[in-house]
Amino acid sequence: MPGRPQRKASEPVPYSALPPSAFWKPCQQDPGFRAQDIYAPKVTLRPEDRIATAGSCFARNITRYLTRSNLTFHQAEPSPRGMDAATAQAFGYDLYSARYGNIYTARQLRQLIEDALALRVDDAAIWLRGMRHVDALRPTVEPEGLASVDEVRAHRLDHLRHVASMLRDMDVLIFTLGLSETWEDVATGRVFPSAPGVVAGTFDPDRHRFLNQTYPEILKDMQASCALLRKVNPGVRLILTVSPVPLTATASGAHVLAATTYSKSVLRAVAGDLAAQDDGIDYFPSYELITGQPFAGTSFDANQRTVAEAAIDRVMSVFFAAHGATLETGPAPGQAKRRAADPTCEEAMLDGFAPR
C-alpha cells in the first residue's frame with residue numbers, strides 16, 4: 001500500500017532554522033519583545049543622502065529626530081531668516097521638507113506631485129475663511145489667511161517650485177500614510193486634507209463627496225506617485241510607514257474603532273506589498289511598534305489617541321539604530337511644546353465637532 005512520502009533525514013523542518021524573532025515565545029520572554037529585530041532595512045541610508053519627509057501628522061516625529069541625527073534632513077523650503085521656531089512651525093515651516101502641511105492620503109500625495117511637476121495651481125482649491133482666502137490644499141500654513149485669490153495663487157506657485165526642486169534633488173523620501181478617508185471635489189477629483197467647513201471653505205453636498213479609498217485605489221495612487229518621482233529622479237528610494245494615530249472621527253457610517261482598523265489595515269497592506277514588489281521601496285513598522293499587542297498598553301496618552309513621547313522615542317531608536325545612525329542625547333526638538341490639540345493638524349480638529 002502506498003504510504004505518505006517519507007521525509008529524508010537530512011531535510012530540515014522549515015521552521016527549524018528561523019531566528020528567535022520569528023517566534024512569539026522568545027519575543028515575549030524578551031523585555032523589549034526583541035524590537036531591535038523587527039526592522040532589517042532594505043533601503044539603506046547614508047549620512048550624505050538627502051532625506052525628505054512627508055505624510056500625516058505623525059510623520060513630523062521623523063523630521064524632529066532626523067534633525068538631531070547624523071543623517072541629512074533635506075529642507076527644500078526653509079523658514080525665513082530670523083523667524084523664531086514657534087512662529088515658523090505655526091506657519092508650516094520646518095515640519096516637513098517643504099511647506100505642504102499634512103499629507104494624509106495617497107491621493108493627496110499623487111496630486112501634489114502632479115501639481116509640482118506641472119507647476120499647476122487649482123483655483124477651485126482656494127477657499128474663504130471669513131473675508132480671508134486660504135489654500136485649501138494646505139489650509140493651516142497661513143493662520144490668518146491671505147488677502148486675495150491672487151495672493152494665494154502666488155504663494156502656492158512659489159511653494160510648488162520648492163516641492164519640484166525637492167522631488168528632483170532628494171535621495172530618499174520617507175512618507176507616512178495616515179488615512180484612507182478624504183473629501184473630494186466631484187467636478188475636479190481634487191481631494192483635500194480636511195473637509196470643507198472644518199478649517200475653511202463651505203461644505204456643498206452637490207460639490208463635495210466623502211471618499212474612503214480602497215486597497216486598489218490606494219495602491220494605484222502610490223504606484224503612480226512612484227512612477228512620477230522616478231521620471232524626474234530615477235534613483236530615488238522610498239521608505240513607507242503607517243501612522244499609528246487612530247482616526248479622530250469618521251464619516252463612513254462605521255464606529256470610529258472599526259473605521260480606524262479598516263483604514264490602517266488597508267494602508268499597511270499597500271505599504272507592505274509595495275515594499276515586497278519593489279527593491280527601491282522599504283517599509284518601516286512604526287505602526288506595529290506602537291499599536292502591536294506587546295506595546296499598545298503603554299504607547300498612548302490618556303486620550304488613547306496621541307502617541308506618548310516614550311513610545312515615539314522607542315520607535316525612532318529602532319529606526320535609527322537599524323540604519324547605523326547616531327542620535328544626539330536629550331529631548332528631540334519641539335518635544336516640550338507638544339500639545340494635545342495641534343492647530344496645524346487638521347484631522348485632530350474634528351474633535352471639536354463631537355457631541356458634548
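**Surface, interior and salt bridges of the model**

Y15 counts as exposed, since its relative accessibility is 56%; exposed means over 50% relative accessible area, buried under 20%, and partly exposed in between (1.4 Å probe, protein chains only). The structure is a predicted model, in which local features need pLDDT of at least 70 and side-chain atom pairs count only at pLDDT 80 or more, while totals for chains, interfaces and linings use all residues. Residues are numbered from 1 along each chain as its sequence is written, and side-chain values use heavy atoms, with hydrogens and water left out.

Y15 lies in the segment before α1 (24-29). Helices (H or I, at least four residues) and strands (E, at least two) are DSSP runs, numbered from the N terminus. Together with V13, L18 and F23, Y15 makes a nonpolar surface patch of about 370 Å². Patches consist of residues with over 30% relative accessible area and no salt bridge, with nonpolar side chains (Val, Leu, Ile, Met, Phe, Trp, Tyr) joined within 5 Å and like charges within 9 Å.

In the protein as a whole, the secondary structure comes to 10 helices and 10 strands. Of the 356 residues, 49% are buried. The accessible surface is about 17,100 Å², and carbon and sulfur atoms hold 56% of this surface; such areas come from the Shrake-Rupley method with a 1.4 Å probe. Among contacts (heavy atoms within 4.5 Å) with a separation of 6 or more, 72% are between residues 24 or more positions apart.

Beyond its neighbours within four places in sequence, A311 is in contact with I290 and S299. The C-alpha atom of A311 is 9.9 Å from that of D301, a residue 10 positions away along the chain. D279, by contrast, is exposed because its relative accessible area is 71%. D279 sits in the loop between α7 (256-277) and β10 (281-283), where, residues up to four places away in sequence aside, D279 touches K42 and V43. D279 and R237 are 42 residues apart in sequence, with 8.7 Å between their C-alpha atoms.

Two residues other than glycine have a positive phi. For F33, in the loop between α1 and β1 (50-55), phi is about 55°. F33 is buried because its relative accessible area is 16%. For L119, in the loop between α4 and β3 (126-129), phi is near 50°. L119 is partly exposed, as its relative accessible area is 40%.

The structure holds 5 cavities of 30 Å³ or more. A cavity is a set of points, on a 1 Å grid over the protein atoms alone, where a 1.4 Å probe fits but cannot get out; lining residues have an atom within 4 Å of a point. Residues that line the largest cavity include Y100, I103, L137, R156 and V191. Helix α4 (residues 106-118) gives the most to this lining, with 4 residues.

Side chains of opposite charge can pair when their charged atoms come close. There are 22 salt bridges in the structure, each a side-chain nitrogen of Lys or Arg within 4 Å of a carboxyl oxygen of Asp or Glu. In one of them, R99 and E142 meet at 2.7 Å, N to O. This pair links distant parts of the chain, 43 residues apart: R99 is in the loop between α3 (85-90) and α4, and E142 is in the loop between β4 (132-135) and α5 (149-169). R99 and E142 are both buried.

Another salt bridge joins E184 and R209, with the closest N and O atoms 2.4 Å apart. E184 is in strand β6 (residues 181-185) and R209 in strand β8 (residues 208-212), so the pair links distant parts of the chain, 25 residues apart. E184 is buried because its relative accessible area is 8%, whereas R209, at 41% relative accessibility, counts as partly exposed.

R230 forms a salt bridge with D278, with 2.6 Å between the closest N and O atoms. Because R230 lies in helix α6 (residues 215-232) and D278 in the loop between α7 and β10, the pair ties together parts that are 48 residues apart in sequence. R230 counts as partly exposed, at 25% relative accessibility.

Terms used: On a 1 Å grid over the protein atoms alone, a cavity is a set of points where a 1.4 Å probe fits but cannot get out, and a pocket is an open set with protein on both sides within 12 Å along at least five of seven lines; lining residues have an atom within 4 Å of a point. Grid points are joined across faces, edges and corners, and a volume is the space filled by probe spheres set on the points.
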